[in-house]
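Here are my notes after going through the model you sent over.

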Amino acid sequence: MIAVHFGAGNIGRGFIGSLLYDSGYETIFVDVNEEIVDLINERKEYQVVLADQSKETVTIKNVSAINSMQDADLVKKAIAEADIVTTAVGPNILPIIAKSIQEGLRLRLELNNKTPLNIIACENLIGGSTLLKESVYKSLSDEEKEVFNQYFAFPDAAVDRIVPNQVNEDKLLVMVEPYFEWVVEQSKMVGDIPQIEGITYVEELNPYIERKLFTVNTGHAVAAYLGYQAGIQTIDQALANEQIKDLLEKTLQETGLLLSKKHSFDISEHNSYIKKIITRFLNENLADDVTRVGRGPLRKLGPNDRLVGPAKQFVELVGSEPIYLAKAIAAALNYDVKTDDEAVQIQNLIQEKGIEATVTEVTKLEKDSRLFTLIVQQYHELKNKQ
Ligand SMILES: NC(=O)C1=CN([C@@H]2O[C@H](COP(=O)(O)OP(=O)(O)OC[C@H]3O[C@@H](n4cnc5c(N)ncnc54)[C@H](O)[C@@H]3O)[C@@H](O)[C@H]2O)C=CC1
Ligand SMILES: O=P(O)(O)OC[C@H]1O[C@](O)(CO)[C@@H](O)[C@@H]1O
């Protein structure tokens, strides 16, 4: 069985690649990083180390890699023969890889490979595979769309495993947290369901992806932005700060209230989920940099992402003001890491147009709506304290 996986980075090698190997797949990574591609092809294996006291190490074999900048034809051929295609490249890269995927799927049909194929985007966003599908389908004729619909599917997924920036001498080795969760929407799949150890198949993904994005990723973002503001370097150190931990817990109470209302989650079960996540953040073996977790604030402040997404729904469903989410949004707006292009863009916007126009542009919230006003107010409060 062949898996083609786009993105041989932290999640690609440390999570998806590892589960594919455990399940008997030969994995062909597709990446643009020449050094990583060459190393994978040279060694045909790499190691994954658990970030706990055991430091258990597993060797992932049956791997090779293609440099999509140099060997576009090989990528197409690999897709034409694949049994599954997965991605972990980052949401902004999905439209870029869509062209290779489209060409690979076309070649597959030309070669008369009629085996149904599922393409799963393993990214931190709601509807990642759906977004990829839209990009792949953009330039197809109506006739081609029909044929594609018959043989190919793009089931959405939620992936959860913390894999920090790697600082190892061995460039292929990845240190990962022991915990992982990979949930895939079975109702949107075609053909036989891939037997991959570790995937949980569900009929409807929305409750799972919202639970994960609005708890793990919201909580992580709060720790990152408040940690950065306090001059703290890593997530575990941010949580050692009582004030930050308290604000994080209060923010997750807000998202928890919303989630339990919307998806009828049992409150005490959800509180245990929150506790478990906070314990994961406290893992000092990860030494997870606040600037990795806070990266891309423009995306993270998007209308449906981990901060503004739950804040909007909180106003609608709970009917009161999500004060702690608003504080986190204000901290994200104030995140000014010079090496992060999106943080620089936000700071330039604030400089040029002011905070109100920036909130409108970045969050797409209606000006002077209840949430908009709350965020602007929290931003001014934060600036007054600095
Ligand atoms: N690191 C983590 O803990 C988690 C990350 N994710 C998600 O997984 C995705 C990947 O994140 P990471 O692995 O951390 O990032 P990463 O930066 O380690 O890996 C991304 C990889 O994609 C490659 N890439 C970039 N452009 C490409 C292109 N055009 N074609 C093929 N490959 C390309 C990069 O060279 C890199 O190797 C993101 O969407 C992230 O939100 C999800 C859960 C956990
Ligand atoms: O990968 P993103 O979306 O930039 O955000 C970082 C987040 O993703 C993770 O890497 C994994 O869920 C978390 O560590 C963090 O919440």
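This is a predicted model: local features need pLDDT of at least 70, side-chain atom pairs count only at pLDDT 80 or more; totals for chains, interfaces and linings use all residues.

1. In the model, residues 1–198 are 35% helix and 24% strand, with the end C-alpha atoms 17 Å apart. Residues 205–382 are 74% helix and 0% strand, and there the end C-alpha atoms are 36 Å apart.

2. Now the core. The largest nonpolar core has 113 residues, and the members touching the most others are Ala223, Tyr225, Ala328, Ile329 and Ala332. Helix α7 gives the most to this core, with 12 residues. Because domain 1 (2–204) and domain 2 (207–385) both give residues to this core, it lies between them. As a general point, nonpolar side chains in soluble globular proteins tend to be buried together. For a look at one member, take Ala332: beyond four places in sequence, Ala332 touches Ala221, Tyr225, Pro297, Lys300, Leu301 and Leu307.

3. Which residues are closest to ligand 1? They are Gly7, Gly9, Ile11, Glu123 and Asn124, out of 25 residues that surround ligand 1. The elements giving two or more residues to that shell are α1 (10–22), β2 (26–31) and α4 (94–110), and the largest share, three residues, comes from α1. Sorted by class, the shell around ligand 1 has 14 nonpolar, eight polar and three charged residues.

4. There is a record to set beside that. For "binding site", UniProt (unreviewed entry) lists residues including Ala3, His5, Gly7, Ala8, Gly9, Ile11 and Gly14. His5 is in strand β1 (residues 2–6) and counts as buried because 29 C-beta neighbours lie inside 10 Å, where 20 or more are needed. Leaving aside neighbours within four places in sequence, His5 is in contact with Gly12, Ile16, Gly17, Thr27, Phe29, Val30 and Thr86.

5. Ala8 is found in the loop between β1 and α1. Is Ala8 buried or exposed? Ala8 is buried, with 29 other C-beta atoms within 10 Å. Not counting residues up to four places away in sequence, Ala8 touches Arg13, Phe29, Asp31, Asn33, Ile36, Ile40 and Ala65.

6. On to ligand 2. The residues around ligand 2 are Asn124, Asp160, Ile162, Val216, Asn217, His220, Val293, Arg295 and Gly296. Three of the shell residues come from helix α7 (residues 206–229), the largest share. By class, the shell around ligand 2 divides into three nonpolar, four polar and two charged residues. Why does ligand 2 lie between the domains? Domain 1 (2–204) and domain 2 (207–385) both give residues to the shell around ligand 2, so it lies between them.

7. Two backbone angles to check. Most residues other than glycine have a negative phi. Lys55, not a glycine, has a positive phi of about 50°. Lys55 is in the loop between β3 (46–50) and β4 (57–60) and is exposed, with 10 other C-beta atoms within 10 Å. Asn112 also has a positive phi, near 65°. The place of Asn112 is the loop between α4 and β7 (117–121), and with 6 C-beta neighbours inside 10 Å, Asn112 counts as exposed.

8. Last, Leu74 in helix α3 (residues 72–81). Leu74 counts as partly exposed, with 15 C-beta neighbours inside 10 Å.

Methods: Residues are numbered from 1 along each chain as its sequence is written. Chains are lettered from A and ligands numbered from 1 in the order in which they are written. A residue is near a molecule or strand if its C-beta atom, placed from the backbone, lies within 6 Å of it. Helices (H or I, at least four residues) and strands (E, at least two) are DSSP runs, numbered from the N terminus. Ala, Val, Leu, Ile, Met, Phe, Trp, Tyr, Cys and Pro count as nonpolar, Asp, Glu, Lys and Arg as charged, and the others, Gly among them, as polar. Domain bounds come from an automatic or database domain assignment. A nonpolar core is a set of buried Ala, Val, Leu, Ile, Met, Phe, Trp, Tyr and Cys residues joined through C-beta atoms within 7 Å. A residue is buried if 20 or more other C-beta atoms lie within 10 Å of its own, exposed if 12 or fewer, and partly exposed in between; C-beta atoms are placed from the backbone. Two residues are in contact if their C-beta atoms, placed from the backbone, lie within 7 Å. UniProt positions are given in the numbering used here, feature names are shortened, and annotations may be inferred rather than shown by experiment.
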